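I opened the notebook to record what I looked up in this model, entry by entry.

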Amino acid sequence: MNKQGNTYTIIYIVILVLVVGAALAATSIALRPRQQANADADKMRQILLSARVSTTPDDVIATFHELVDEQFVVNSRGERVEGDAFAVNVAEQSKLPEAERMLPVFVCKTPDGAARKYIVPVYGAGLWGPIWGYVAVDADGSTVYGAYFAHQGETPGLGAEIEKPAFSDQFEGKVLFKNGRFLPVAVVKAGQKPMGDEDYVDGISGGTITSKGVGAMLANCLAPYETFFSNLKD
Amino acid sequence: MAEKTSNKSVFFNPFSKDNPVVVQILGICSVLAVTAKLEPAIVMGLSVIAVLAFSNVIISILRNTIPTNIRIIVQLVVVAGLVVIVSQLLEAYAYDVSKQLSVFIGLIITNCILMGRLEAFAMGNRPWPSFLDGVGNGIGYTIILVIVGFFRELLGSGTLLGFQVVPQAFYDAGYVNNGLMILPPMALIVVACIIWVQRSLNKDLQEK
């Protein structure tokens, strides 16, 4: 058979692609359970970090099950609805109208067992790709206890700084309710103040779009929890 | 690579005299990106060894059947398939490292060393020498990665593989980690220093 002919070339590449495709599909199926377990453990680590609990890869699952003793889903009217909080896809939910969203809540004890923190996930867009995080709120439904942010591909040294404690630690002690109004924490240029009288943190110099993304993410994802948080307060 | 060379020199030449990074100046991009710490540098090196060795063998086995006009496509398909498999394995068994290396595992596909070895060696040699050539070049690449990663982590963070090696007494006496070592430019300068040492030791590598 002529090895330089078109027929040979086409048959050759079709067979090659089928073989490689089958190999990839097999690998993917075989490894998916382990990858999913890793991704779940990583999510638990992030949730715990927002409540300022550091874990190692070995104890993260045990710590999570010990401290997070309640997980539930609420709607924008603050009523509990059916659903698995851990499995809710926050990326999809954050794009729905507020009234239709499934809103996960993780209730986490502090390690000494004295206080309960309400952790909610947030998801939004940075400059290059998605950013996400978790915000832990005190039992008064207003004071932020801690926050954790992560990103997929923000610029190292600029936007990527949002994942550093230097940025997320600023959120501690900020309040979501001010003078009876619900105002999620704003992110503004260092030295400036927001238009309203809401609490604010300093954005990152050189990471303006990512910082604005964090602000928009908080506004979008915390707003539907307004009723839930105000019920907590009462 | 036209002349017949012994298996031994095929395997050992890439370590120093024919090193893909410091002599052929290939694969510099990933050397800059993944060497801020030693651990990702080692994992990246191992991944490249695996992909290079297996793609060399596969291409070498197929070399007499590959139609000439689509040979680059065939090489790319094989390399891309192997890279995805390595990336999936890392995600399943070394999740933290795979997050650190992020896109750079995927970018092994574009690492010039791979296409270079496939095109220059595997297309014209039998599977066993091709395997040795792949492992040899992978190790040559890894050696440079590990040297650069060693100096950058030691001087930039005071640690090695995450363990503190610079004693606390040094810091108390006023020693500070060199933050510049963490940034990509220092990787380039360290690579340049290795090339300098390499060429001083091997006079025949110096350009006239």
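Before the helix pair I set down how axes are drawn: they are lines fitted to C-alpha atoms, for helices over the stretch in contact, and angles run from 0 to 180 degrees between N-to-C directions. Helices (H or I, at least four residues) and strands (E, at least two) are DSSP runs numbered from the N terminus. This is a predicted model, in which local features need pLDDT of at least 70 and side-chain atom pairs count only at pLDDT 80 or more, while totals for chains, interfaces and linings use all residues. Residues are numbered from 1 along each chain as its sequence is written, and chains are lettered from A in the order in which they are written.

**Helix pair.** I looked up helix 8 (residues 127-157) and helix 10 (residues 184-201) of chain B, and found that their axes come within 10 Å and cross at roughly 125°. The two helices of chain B are therefore oblique to each other (under 35 degrees is roughly parallel, over 145 roughly antiparallel, 65 to 115 roughly perpendicular, and the rest oblique). From helix 8 of chain B, Ile144(B), Ile147(B), Val148(B), Phe151(B) and Arg152(B) meet Met186(B), Ala187(B), Val190(B), Val191(B) and Ile194(B) of helix 10, where contact requires C-beta atoms, placed from the backbone, within 7 Å.

**Between chains.** I noted that the contact takes 16 residues from chain B and 19 residues from chain A. On the side of chain B, helix 4 (71-93) and helix 5 (95-101) each give two or more residues, and the largest share, 10 residues, comes from helix 4 of chain B.

**Positive phi.** I checked Arg52(A), whose phi is near 55°, a positive value in a residue other than glycine, and which sits in the loop between helix 1 (6-50) and helix 2 (60-67) of chain A. Ile25(B) has a phi near 50°, also positive, and is placed in the loop between helix 1 (7-12) and helix 2 (28-34) of chain B.

**Cores.** A nonpolar core is a set of buried Ala, Val, Leu, Ile, Met, Phe, Trp, Tyr and Cys residues joined through C-beta atoms within 7 Å, and buried means 20 or more other C-beta atoms within 10 Å of the residue's own, against 12 or fewer for exposed and partly exposed in between. The largest core has 53 residues, and Val144(A) is among those that touch the most other members. Strand 5 (residues 130-137) of chain A gives the most to this core, with six residues. Apart from it I found another core of 48 residues, among them Val22(B) and Leu38(B).

Definitions and conventions: Contact = placed C-beta atoms within 7 Å.
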